[in-house]
Amino acid sequence: MNNKTRNVIVGGILLLVFAGFAFFYQKAAPSQEPISASSFKLNTVVNITIYDSQDETLLQDAMALCDKYEAIFSRTDHSSELYKLNHGALPKDGNEFQISPELAELTAKGLAYGQLSNGAFDIAIAPVSSLWDFTSEEKRIPSDEDLKAKLPLVNYEDVILDGTSLSFRKDGMGLDLGAIAKGYIADKIKEFLLSKGVKSAIINLGGNVLCIGNKPDKTPFKIGIQKPFADRSETIATVDITNQSVVSSGIYERFFEKDGQLYHHILNPKTGYPYDNSLISVTIICDSSTDGDGLSTSCFALGLEKGMELINSLPDVHAVFITSDDKLHYSDNFQKETSLRES
C-alpha cells in the first residue's frame, strides 16, 4: 500500500470519527430554553411560551394582538368598537351599523352558538350583564325590577348580521362577547405564530389554553384542568394535548358571595341571574379555541344532561363536566381517545 492510499484511508477514518462525535454531541447537547412573555391583558394573565424559536419579537407581536383585539371586543372600554356599537356611536348606513370584519366574524360565531344551544348561550345579554359587576368589591346584585326591564332586550335572534352590517330589532340592545373573545384571540395568535414558522408553543389566556404542535421532544403537552375554587396551579386532572385547545368555563372564574349566596358570571338570559344547575365547570378539548369557548359556556348553560348530549353529537370534541359533588363526568369515548390522569 503506497503512502497516498494510506493517507486517504486514514483521512476517511478520521472524518467518520469526527462525524460520529459531532452526531453524538448534537444528540447529547441540551435543547434550547423556551422563550416566554407574561402580561395582564384581557382582564386576565396572558402567558405565551415558544419552544422552537429565540425570536423575542414574536412574543411582542403576539401580545400586541391581544391589545388590538381588546380594542375591538371590550364591552367596558369606552374607546372600543364594541362599546361604541352598544352605545350607538358607530357609523350607520340607514339602520345598519358598519362594523369591522373582526367584530363581524366573532359576532357570527356567537350567533351560531346561540342557535346551537337554543338560546342558552346568548351574546345579546349585554343589557343584563352590564347590570352585574363581578370584578369590584361592591357585591352589587341588580334589583328584580332592573332585570325585568332589560330582559326583553336579550335575544340573539333580534341581532341582524349581514356581512359587516349589523342592526338590532329593538332599541337598547347590545352585545357581550366576553364568553368567546379569548378563544378567538388565542386562535388569531396561533395563526400568527404558525405564519412565522413556529411549530411548538403554548398560548395561555387566563386558563384558556391553546397548544401549537408538541413539545420539542415530540411528546404531547401536559395541560392541567384547574381544581374549582383552588389556586390556578392546583389541578383536578391533567390531559395530554397535541395541537389542540383546552377551555374551561366555571362558576369559580368570576364570582362573589353575599348573604350566604354565591353569584357567578355565567348568566341565564331567561332570568338575568346566574345559572344554578349543579355544575361547577365544563372543560372542552377541541381544535379551535373559539369553539372551545363557545361550547364550554353553552354546555354549562345547558346543564349536565343536555350539555353532554350536545357534545356527544359533535365530531372531534371531548368534554369533562364537574358537578357540585366534585364528580367528573366524561363525554363518549373521552377516556379511549384522550389521555387524562385525575389528580
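Buried here means under 20% relative accessible area. By that criterion Lys-188, at 16% relative accessibility, counts as buried in this predicted model.

Figure 1. Because its relative accessibility of 16% falls under the 20% limit, Lys-188 is classed as buried. Apart from residues up to four places away in sequence, Lys-188 touches Leu-65, Tyr-69 and Glu-105.

**Figure 2. Overview of the predicted protein model.** The model is a prediction and contains nine helices and 17 strands. Its C-alpha atoms fill a box of roughly 105 × 50 × 40 Å along the principal axes. Of the 343 residues, 48% are buried. Among contacts between residues at least 6 apart in sequence, 58% join residues at least 24 apart.

**Figure 3. The kinked helix 8.** Helix 8 comprises 24 residues, 289-312. Its end C-alpha atoms are only 18 Å apart, whereas a straight helix would reach 34 Å at 1.5 Å a residue. A kink of about 135 degrees, centred on Gly-303, is present in helix 8. At the N-terminal end, helix 8 is capped by Ser-288, of which a side-chain oxygen lies 3.3 Å from the backbone nitrogen of Thr-290. Helix 8 is mostly covered, with 17 of its 24 residues buried.

**Figure 4. Packing of helix 4 against helix 8.** Helix 4, residues 101-116, packs against helix 8 at an angle of about 5 degrees, and the two axes are 10 Å apart. Helix 4 is therefore roughly parallel to helix 8, since angles under 35 degrees count as such. On the side of helix 4, the contact is made by Leu-106, Lys-109, Tyr-113 and Leu-116. Helix 8 contributes Thr-290, Asp-291, Gly-294, Leu-295, Ser-298 and Leu-310 to this contact.

Figure 5. The buried residues of helix 4 are Leu-103, Ala-104, Leu-106, Thr-107, Gly-110, Leu-111, Tyr-113 and Gly-114. Just after helix 4, Asn-118 takes a positive phi of about 55 degrees.

Figure 6. Leu-82 lies in helix 3, residues 81-86. With a relative accessible area of 0%, Leu-82 is buried. Its C-alpha atom is separated by 7.5 Å from that of Leu-175, a residue 93 places away along the chain. Leaving aside neighbours within four places in sequence, Leu-82 is in contact with Ile-72, Phe-73, Ser-74, Arg-75, Leu-103, Leu-175 and Leu-177.

Figure 7. Ala-126 is placed in helix 5, residues 126-129. Ala-126 is buried, its relative accessible area being 6%. Beyond its neighbours within four places in sequence, Ala-126 is in contact with Arg-75, Asn-86, Gly-174, Leu-175 and Asp-176. Ala-126 and Pro-269 are 143 residues apart in sequence, and their C-alpha atoms are 9.8 Å apart in space.

**Figure 8. Asparagines with positive phi in two loops.** Most residues other than glycine have a negative phi. Asn-43, although not a glycine, has a positive phi of about 60 degrees. Asn-43 lies in the loop between strand 1 (35-41) and strand 2 (44-50), and its relative accessibility of 49% makes it partly exposed. Asn-243 likewise is not a glycine and has a positive phi, of about 55 degrees. The loop that holds Asn-243 lies between strand 10 (235-241) and strand 11 (245-250). At 35% relative accessibility, Asn-243 counts as partly exposed.

Methods
Residues are numbered from 1 along each chain as its sequence is written. This is a predicted model: local features need pLDDT of at least 70, side-chain atom pairs count only at pLDDT 80 or more; totals for chains, interfaces and linings use all residues. Side-chain values use heavy atoms; hydrogens and water are left out. Helices (H or I, at least four residues) and strands (E, at least two) are DSSP runs, numbered from the N terminus. The expected span of a helix is 1.5 Å times one less than its number of residues. The bend at a residue is the angle between axes fitted to the seven residues ending there and the seven starting there. Buried means under 20% relative accessible area, exposed over 50%, partly exposed in between (1.4 Å probe, protein chains only). A polar contact is a pair of N or O atoms within 3.5 Å; within protein, one must be able to donate a hydrogen and the other to accept it, and residues adjacent in sequence count only if both atoms are side-chain atoms. Axes are lines fitted to C-alpha atoms, for helices over the stretch in contact, and angles run from 0 to 180 degrees between N-to-C directions. Angles under 35 degrees count as roughly parallel, over 145 as roughly antiparallel, 65 to 115 as roughly perpendicular and the rest as oblique. Contact means heavy atoms within 4.5 Å.
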